[in-house]
Amino acid sequence: MAKEIILLAAVAAGSILILLVLLAYLVIRKVLENSRRKQINEIKENIAQDVFLTLQDKRNEFVFTAESLLEKKALEELLTKYTEVLEGEQEKESLRVLAAANLTDYYRKNVTARKWSTRMNTLYHIESFQLEMLKDELIHLAEADSKRSKEEKIQIYRILASFQYEGIFSLINKQEYLAEKDYRSILTRLDKDIFASMLERFEECVGELKLAILDIMGVRKELEYIRFLEDVFNSYEGELRLRALKAISNIGFVPSIDNYLPLCQSDVWQERMMAARLLGFVKGDTALLLLKKLLHDRSWWVRSQAAESIMKFKTGMVVLEDVLQHSTDPFARDMAWEWINKGQIKGAN
């Protein structure tokens with residue numbers, strides 16, 4: 001019994017000692033972190049005005065050079081803050097030059113650091129500060145068969161896209177871990193010329209990349225994309241065909257509605273809905289008559305889009321009131337009533 005008590009006491013004492021050591025470690029770590037944070041803040045206070053003046057007017061000479069890690073961190077935090085508020089091109093260029101002069105070597109080292117969080121933060125800063133002199137390192141990392149995480153690879157692709165790297169297509173096409181949303185986040189960073197090179201290789205693209213390309217075309221709303229989108233509509237089936245229709249409707253221009261009239265009788269409700277949307281860009285009695293028929297569709301989404309398109313016509317309110325008064329379809333009457341009230345509220349505002 002006595003031995004058991006002694007053993008328990010020893011275990012308890014050992015546990016207490018471990019807890020005390022752990023507590024001491026945490027306290028010391030906290031003290032050091034507070035001291036580090038205080039030093040960074042002091043550096044920021046000392047250089048903030050000079051940094052601001054340099055960014056506002058490049059004629060203001062800024063002689064500060066970030067040599068220590070604390071100075072680099074302080075400058076990084078200041079420049080990160082300014083990237084969120086600066087709008088002028090001259091200010092952005094001054095920020096890029098300042099970051100390049102003081103942080104390039106720092107980021108070149110950290111982009112291969114052991115800690116994942118350090119590598120990711122470095123990648124975000126490289127893009128934020130547009131440090132194109134690190135492009136070769138990023139290309140190497142993207143091409144190398146490394147154990148980098150999916151998140152790192154995607155961020156590297158985003159940066160290279162923002163740098164307008166001409167080889168971006170070969171890097172991102174057929175990457176199994178890239179989802180459609182990942183492709184979109186990459187493509188949005190491409191300029192008009194590099195994006196056009198993607199269109200030339202559309203047939204080679206994996207399905208997710210094709211869908212992302214069509215979505216980006218709808219977002220950019222360039223009239224020159226219409227012919228390409230119509231070719232996709234005429235050549236493909238399923239989701240690609242629908243995305244092409246959506247992009248055309250987002251651009252808001254229909255060269256000839258005749259190509260899309262058969263969609264009004266499609267077995268796919270999404271295609272009937274897109275037909276209703278496209279008819280809203282066409283002026284004429286025929287379009288209005290077709291929309292009135294689509295207002296009686298069995299799908300709520302088609303009816304809603306038809307009513308919205310009808311409201312784009314000068315006589316749209318009259319047409320909806322006629323449906324409300326005389327239609328035998330309760331669903332069509334409900335939709336007409338809903339959009340009549342939306343129109344009245346909009347008119348009152």
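Tyr 107 and Phe 129 are both buried, a term that stands for under 20% relative accessible area with a 1.4 Å probe and protein chains only. The model is predicted, and local features need pLDDT of at least 70, side-chain atom pairs count only at pLDDT 80 or more, while totals for chains, interfaces and linings use all residues. Residues are numbered from 1 along each chain as its sequence is written, and side-chain values use heavy atoms, with hydrogens and water left out.

A search of the whole structure finds nine aromatic pairs, where rings of Phe, Tyr and Trp (its six-membered ring) pair if their centres lie within 6.5 Å. The ring centres of Tyr 107 and Phe 129 are 6.5 Å apart with planes at 25°, so this pair is stacked, the word for planes under 30 degrees apart. Because Tyr 107 belongs to helix α3 (residues 89-110) and Phe 129 to the loop between α4 (116-128) and α5 (135-143), the pair ties together parts that are 22 residues apart in sequence; helices here are DSSP runs (H or I, at least four residues), numbered from the N terminus. Ring pairs also join Tyr 106, Tyr 107 and Phe 129 into a cluster.

For Phe 195 and Tyr 225, the centres are 5.9 Å apart and the planes stand at 70°, so the pair is edge-to-face, which requires planes over 60 degrees apart. Phe 195 lies in helix α9 (residues 192-200) and Tyr 225 in the loop between α10 (207-220) and α11 (226-235), so that distant parts of the chain, 30 residues apart, are linked. Phe 195 and Tyr 225 are buried.

Terms used. Helix = DSSP H or I, 4+ residues; strand = E, 2+ residues; numbered from the N terminus. Buried < 20%, exposed > 50% of the residue type's maximum accessible area, 1.4 Å probe, protein only.
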